[in-house]
Amino acid sequence: MPSSLSFLALVLILLVELLHGSNLPAATENPPGAYDLAVSFSPSTRSLTATARITLPPATGLALELGDLAISGMLLRRADGSEVVPVAGPRGRLQLVEEKELRELYISYRRQVDGTGDDLINPDGIVLLGLWHPLPDREMRFSLRAKLPPGFIAVTESDRFPLATEGDATIAVFSQPRRNLHFVAAPYAAASREVRPGLQVHTLFFPEERELAPSYLESAAGYLQRYERQIGPFPYNHYVIVANRLPTGLGLPTFTLMGRQVLRLPFIRQTSLGHEILHSWFGNSVEVAATGGNWCEGLTTYLADHAYRADRGEAAADRKERIVTYLNHVNDNNVIPLAAFASADHRQPQAEAVRAVGYNRGALLFAELEARLGPEVFTRAIRHFYARHRGTTAGWNDLRQAFSATAGQDLAAFFTERLERTDIPDLAVEEIDIRQTASGPHLSFRLRQKTERPYSLQVPVVVTTAGGTSRFSVTAAGGDTSVSLTTDGWPLQFSIDPEYTFLRRLHPAEGPPVWSQFLGAEKKLAILQSEAVRAVYQPLLAALADDSWIVKPADEVKVGELQDGAVLFLGLDHPLSRSLFARPDLAAAGFSLDVRRNPLNSGQPAVLITSADREETAATAPKLRHYGRYSRLHFTGGRNDLQQIAAADAGMTFVLDRLPAGAATAELQPFADIIARLAANRVVFVGETHTSMADHHLQLRIIEALHRLQPDLAIGLEMFPTSSQPALDAYSSGDKSMDERSFLKASRYFQVWNQDYRLYRDIITFARSRGIPLVGLNLDKEVTSTVFKTGSTAALPEAAGNSLPVDRDLSLPGYAERLAVIHDMHQTAGHGDGSLSGFIQAQALWDEAMAEHIAEYLTRHPGRRMVVLAGTQHTRKDTGIPPRLARRLQLDQATVAALPANTADLATTVDFVFATEPVVLPDQAMIGVVLQSQTLDGRPALKVGGFTATSKADEAGLRKDDIVRAIDGLAIAEMDDVRIALLDTGIGGRIAVDVERPGPGGTMERLQLTIELVAPAGHPR
Ligand SMILES: [Zn+2]
């Protein structure tokens, strides 16, 4: 420990050298006290040596944080000339209790900068942002006297710029009281420009970036003018844009420090620079009070980042992206109220969530405020706030007061709700009703707030009619709000808050699948294509994966696990990813990231990533965090060259009615002309509603016409599975040994399809008469029903599983959504027994299998064309079989259908429509009995179990328990036989029925009865 005397000698030497032994200030000086710092640098040893002289006004105490500064001596000198050596307490803290007289404290110290943090001292430059001088616990007036290495230009918080020099010392004085100084110096190239008389803007760039200076000076001048107009006078007479070798983005009083690596990026000058300059008003001139919450990042983000997007017409998009970012990063486990946001630090725990609260929830509070008060009142309140708190500190309460006073309304409840609550508004719309009234069409609905306590909200509602849009604002303060709107035309749709004027939960259809959705998900499953590719993706896992990630090779993942949360596929050449996304068109070169809705859980993202090699991954991985708002990205050598956000609804949107599409009759073409155009295609899909006879008539006409032009035609049929092919081959080739009845038996038509055969009979008979091959396209029913019920292909017998197509695309746009609607209808109708995930997989399997079977047939028969008959959902050219066939085989194809009742999405689903006359097929006649399958003497048999209300069988003598053995001479053993036997007999027609009736003592009586057939009505009696 140095003696008091030798220490005093050291202090005095430093004082003479650096502080020029200035006199003690007059004892009348008022608080806050002065902090004079003298510093010299030794770049070669990466160290600084400094003495701080702190002048404490009378009746003032002080605590100083010394951190890891190497203190070489301390001395406290009182006004009476007496001196003591103060002693620092534990954890590097020096505490001076209040005394009546003025005092001076001298501290000499050395600091070594190791180069691991944001601080830097070396021959290329000096950056001091951390604890590089003793930190007072109160604000003081700083002055600085620095000896710089030769050729260096320095910047710090200062009343003027460039800094003054005195001999070999550089001098800065800053009159605004502060608790610390930041200091930067390097061999910079300086440039400057006048903004207005009394305000200069400067750049201190490295020689390599000096050509960027003019554009930065121009942009900075623009921002300074913009905010002086909007908020009030700039608080200083200069502003310096300083390049840093370290990657920082800091807005400090009188200057900003920007990482030189990013200066060339356009968004730095277009956004970040303005943000940092605006911090001069909010953050530096009006400082954030130590208690009362950090309001300044939210306000700065709103008046800078958001405002610049608004200038480009992207205000609503910006707010929506902020909501999406908030929802993707903030969850029940990491949420904090806005009032608790304190620091923007990237290194704090849960930094992404904390920043989403401070920046995005904060900015959205101001957006909501502006939407409520109007831009004029909003701007006046901002000016008022600045004028009142300039040069001091402020908290959220001061903002509340400024806005309440300017708006002339008490906004306490508004601020309290948004600052203190951790939940956010969550809206639902119920009981929608439209009515034509004397005053016009009337749209009413109930707006429900799903949060435990309602928020007080102004909810914009936009109603679209054929005549345009009408805007309404609904005050929703309670849990339920009845909304009733009169519109100027019949409402076609309406949207709740389509411009995102406040932070709220989004409807699933509003949220585009984006990358941050995965990064913020609570459960993340990353699936490696195989262990072999782990090295390729290792840099990504190293950069991003934490405890919330589970990383597994695809072979160890079960389909069921994909439904649980967010999934990420690293490499896509594995049956698991191929069963959901087939082979997506991602670039083979570089690094691709594609975010989709998880087809098995639409609320969760599925991210597809491919990388050409480990180098591409390594170059991209560190940057990926910054691209959270995108759905689709591509990087080459780490450079981003594609960024897209998927489309989604604007606002919670409810479609009430869709206007039908039409066409000029002048555009109608004769049948033959359309056939000529269809004939140019190798595959023509003709969609059907299975029970519509008119659709089957149309199919036959098209087949006939195409066959006339191209005899080498085949007919693909959804109605038959591939296992029926031998029967189809025999029958269509005209095999005389197979008549219609035996064809129906052999093909198991009634078991596999269960529709009235007369619907298809003319088509199949025509094919037989012309020898047109019939091709069964379907899967066996057991396959799709097993997948539907179990939600996976795992439960299938191995042989069945192996025959399925490997590439199955569940993520065609709109596919999962369309199937979800159908699935919901089935569930509400009470005959759904499988999960949505199983349903979607079964449907995709069905569509993919039919596409595969068509492709196989056409590959085996290169000269042949095909007409495909299937339900209109399967023949849709957007998401049905056609795009899946196109993936497998390059060929021309067209889709045709009869004009459906709903024409709204016709153009996306078919290429040609025909208007058809309705064709009514007479009801299939029935015996009117309930037949039960039995096994008698080891053979199948049918027993009469009961009679329907309209049946005439009992009066003809048929009895319960009779065994039906033959109808019109055709042997009857199972239900197929009955349906075949009754095909051609109409209602009122008579059939001869051979029955066996159990007699006394186990005997069987044989009888023949004549029974009149009835219409299919009535219930068993
Ligand atoms: Zn900021």
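1. **Helices α6 and α9.** In this predicted model, helices α6 and α9 run roughly antiparallel to each other. The assignment follows from the angle between the two axes: α6 (residues 351–373) and α9 (residues 412–420) cross at roughly 160 degrees, and any angle over 145 degrees is counted as roughly antiparallel. The axes of α6 and α9 come within 11 Å, and the crossing of this pair is right-handed. On the α6 side the contact is made by Arg-361, Leu-365, Glu-368, Leu-369 and Arg-372, which meet Phe-414, Phe-415, Glu-417, Arg-418 and Leu-419 of α9.

2. **Helices α4 and α6.** Helix α6 also packs against α4, with axes that come within 7 Å and cross at roughly 60 degrees. The crossing of α4 and α6 is again of the right-handed kind. From α4, the residues Glu-297, Gly-298, Leu-299, Thr-301 and Tyr-302 take part. Their counterparts in α6 are Gly-358, Tyr-359, Gly-362, Ala-363, Phe-366, Ala-367 and Glu-370. Glu-297 deserves attention in this list, as it is also a ligand of the zinc ion.

3. **The zinc site.** Which residues coordinate the zinc ion? The donors are NE2 of His-275, NE2 of His-279 and two OE atoms of Glu-297, at 2.0 to 2.8 Å. Along the chain, these donors follow the spacing H-x3-H-x17-E. His-279 belongs to the loop between α3 (266–278) and β21 (287–288), whereas Glu-297 belongs to helix α4 (residues 296–311), so the pair ties together parts that are 18 residues apart in sequence.

4. The angles among the 4 donor atoms extend from 51 to 157 degrees, and the site is classed as irregular. The tetrahedral class would require all angles to lie between 85 and 135 degrees.

5. **Helices α23 and α25.** A further helix pair is formed by α23 (residues 836–860) and α25 (residues 881–888), whose axes lie 8 Å apart at an angle of about 50 degrees. The two helices are therefore oblique to each other. Their crossing is right-handed. The α23 residues involved are Asp-847, Glu-848, Met-850, Ala-851, Glu-852, Ile-854 and Ala-855. They meet Ile-881, Arg-884, Leu-885, Arg-887 and Arg-888 of α25.

6. **Helix α16.** Helix α16 (residues 725–732) is mostly covered, with 6 of its 8 residues buried. The buried residues are Gln-725, Ala-727, Leu-728, Ala-730, Tyr-731 and Ser-732. Against which elements do they pack? The partners are β38 (713–721), α17 (740–747), α19 (758–770) and β39 (774–778). After α16 comes Gly-734, with a positive phi near 85 degrees.

7. **Backbone features in loops.** The peptide bond joining Phe-161 and Pro-162 is cis, with omega about -5 degrees; Pro-162 sits in the loop between β12 (153–156) and β13 (164–166). Ala-59 has a positive phi of about 60 degrees although it is not a glycine. This alanine, Ala-59, is placed in the loop between β2 (47–56) and β3 (62–65), and Ala-59 is partly exposed at 46% relative accessible area. Asp-961, also a residue other than glycine, has a positive phi near 80 degrees. The loop that holds Asp-961 lies between β44 (939–947) and β45 (963–967), and the residue is partly exposed, with a relative accessible area of 33%.

8. **Asp-573.** At 45% relative accessibility, Asp-573 counts as partly exposed. Leaving aside residues up to four places away in sequence, Asp-573 touches Gln-529, Arg-578 and Arg-583. How far apart are the C-alpha atoms of Asp-573 and His-634? They are separated by 19 Å, with the two residues 61 residues apart along the chain.

Notes
Residues are numbered from 1 along each chain as its sequence is written. This is a predicted model: local features need pLDDT of at least 70, side-chain atom pairs count only at pLDDT 80 or more; totals for chains, interfaces and linings use all residues. Side-chain values use heavy atoms; hydrogens and water are left out. Donors are N, O and S atoms within 2.8 Å of the metal (3.2 Å for Na, K and Ca); water is not among the atoms, so sites may look incomplete. Four donors count as tetrahedral if all angles lie between 85 and 135 degrees; four count as square planar and six as octahedral if opposite donors are over 155 degrees apart and all others between 65 and 115; anything else is irregular. Helices (H or I, at least four residues) and strands (E, at least two) are DSSP runs, numbered from the N terminus. Buried means under 20% relative accessible area, exposed over 50%, partly exposed in between (1.4 Å probe, protein chains only). Contact means heavy atoms within 4.5 Å. Axes are lines fitted to C-alpha atoms, for helices over the stretch in contact, and angles run from 0 to 180 degrees between N-to-C directions. Angles under 35 degrees count as roughly parallel, over 145 as roughly antiparallel, 65 to 115 as roughly perpendicular and the rest as oblique. A crossing is left-handed if the near helix is turned anticlockwise from the far one by less than a right angle, and right-handed if clockwise.
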